[in-house]
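Please prepare a short report on the structure shown below, covering its chains, its sheet, its helix packing and the contact between its chains.

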Amino acid sequence: MRALLLNGAPEGESYLDSVERHLGAALAGAGWEIDRVALRQSKIADCRGCFGCWIRSPGICVIDDEAREVARLMVGADLILGLTPVVFGGYSAELKRALDRSIGNILPFFMLQAGEVLHARRYPYEWRLAAVGVQGRADEAEADLFRRLAARNARNFQCSLAGSVVLLESDPWEEAAAELTRLLVQVGVGA
Amino acid sequence: MSGLRRALLLVGSPRRARSTSASLGGYLLDRLANHGVTGCAHFLEDLPPAAAYDVGAGSEPAPASNRAVPAIGPALAIGDADLLILAFPLYVDAPPAPVIRAMVAMAEARRRERATDGAPGFVAIVNCGFPEAHHADVALAISGRFAAVCRFRWLGGMAMGLGGMLGGRPLGEGDARLAHLEQGLELAAAALARDEAVPELARELLARPVVTPARFVAMGNRNWSDKAAARGLQDRLREQPYRR
């Protein structure tokens, strides 16, 4: 099994590096292979909204930069973990930029699922999605929004298993580590 | 003449003037003008920090926004506006990355200002490609949180479903299929000009589903097939370049 750790921490944010190390160790301990991307160091342009990844070069973004490699790693991963500070209840621009550029991994075609329109899958693989958000101070409204966003992403990418957790930087690390372990179990790691 | 004097439209779509976000926001700005409100518009891309980096600059250093807290370009554009309108497309259930970057920059500038008096009103418009506008609920809620953090007065948000139907064309040109959008934005403008929140009816009109989901799927899939066929790619749309 293979996991992709997408670290969306902006420059100067070190807590998520600790989270990444913890998750990496846990995954390795469970026998998973791991790919890691520190998105703040990646050269990824913003999505142009051109849909070229759907109708010009199907499945590959027309912009030739590191987002193509991130998209390839996403397809190859059984589990994608997104790490980010909670920004107004959503993701950092660093993580979002990579996600925006990954829509070539699904098809332009639509389908109905439980009465709701979604994009159809391009690949036949079972994906799992886990989102880890970090807050500098407790804000339950934003934490709730973060969990809703992660759930929407999981639905739109049709993930078989998904989960999210919001950590508070000031919480004791033991509590955070326990939350991360619960998240991994939720997405089928070490279960 | 209303109490509202100046409105600023920030368009967060990389498709700029050709975008549905610009069409919706621009029409709202036009309607506000009928109520005596002066308006101006900017594309977020034009306000540093803009794109993460120049796409053509293969050997350039890492994006500035990857290295430091963004500059306050978008915040400077606020000026003396007493209404901010942020219009953007829905990307992966949320605002696009450049919009998030601009939000962070504006919030940082507002934090430095520490101003509490005369906070501008703030309204968000989301262009959602799916026929069900509820896909944009999270993005609108994020916009509301942003407004709260910035101490803007949150006057509500509107999401248009089936954004491809408008496709970046201007409103107000007599297309009966778009009349509900024009009516919704008219209602919103009238309320905003009075410094009131976007009425529920305006929200409903923008979100009004004009086709059933099943019909949208059939129409939408045919549309993508036609676009591919026009490029001679109809047999390649389902390719799997990153297959394991």
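Of the 244 residues in chain B, 49% are buried, where a residue counts as buried if 20 or more other C-beta atoms lie within 10 Å of its own, as exposed if 12 or fewer do, and as partly exposed in between, with C-beta atoms placed from the backbone. The model is a predicted one, in which local features need pLDDT of at least 70 and side-chain atom pairs count only at pLDDT 80 or more, whereas totals for chains, interfaces and linings use all residues. Residues are numbered from 1 along each chain as its sequence is written, and chains are lettered from A, with ligands numbered from 1, in the order in which they are written.

Chain B holds seven helices and five strands, taken as DSSP runs numbered from the N terminus (helices H or I of at least four residues, strands E of at least two). Read from the N terminus, these elements follow the order β-α-β-α-β-α-β-α-β-α-α-α. Of the contacts in chain B with a separation of 6 or more, 77% are between residues 24 or more positions apart, a contact being two residues whose C-beta atoms, placed from the backbone, lie within 7 Å.

In chain A, five strands form an open sheet with parallel pairing in the order β2-β1-β3-β6-β7, and two strands pair if DSSP finds at least two bridges between them. The edge strands, which each pair on one side only, are β2 (33–38) and β7 (161–168) of chain A.

| Strand pair | Sense | Bridges |
|---|---|---|
| β1(A) and β2(A) | parallel | six bridges |
| β1(A) and β3(A) | parallel | five bridges |
| β3(A) and β6(A) | parallel | seven bridges |

Within these pairings, Leu4(A) has Asp35(A) in β2(A) as its bridge partner, Ala3(A) stands opposite Leu79(A) in β3(A), and Leu81(A) stands opposite Ala130(A) in β6(A). Strand β3(A) is largely enclosed by the rest of the structure, because seven of its seven residues are buried. Both of its faces are covered, with Leu79(A), Leu81(A), Leu83(A) and Pro85(A) buried on one side and Ile80(A), Gly82(A) and Thr84(A) buried on the other.

Helix α1(A) lies across β1, β2, β3 and β6 of chain A and runs at about 175 degrees to β1(A), with axes fitted as lines to C-alpha atoms (for helices over the stretch in contact) and angles from 0 to 180 degrees between N-to-C directions. The axes of α1(A) and α6(A) come within 11 Å and cross at roughly 45 degrees. That angle makes α1(A) oblique to α6(A), since angles under 35 degrees count as roughly parallel, over 145 as roughly antiparallel, 65 to 115 as roughly perpendicular and the rest as oblique. Val19(A), His22(A), Leu23(A) and Ala26(A) of α1(A) meet Ala177(A), Leu180(A), Thr181(A) and Leu184(A) of α6(A).

Leu149(A) has its place in helix α5 (residues 140–156) of chain A and is buried, with 24 other C-beta atoms within 10 Å. Leaving aside residues up to four places away in sequence, Leu149(A) touches Gly90(A) and, in the other chain, Asp93(B), Ala94(B) and Val138(B).

Between the chains, 53 residues of chain B are in contact with 51 residues of chain A. On the side of chain B that touches chain A, α3 (97–113), α4 (137–150) and α7 (213–230) of chain B each supply at least two residues, and α7(B) gives the most, with nine residues.
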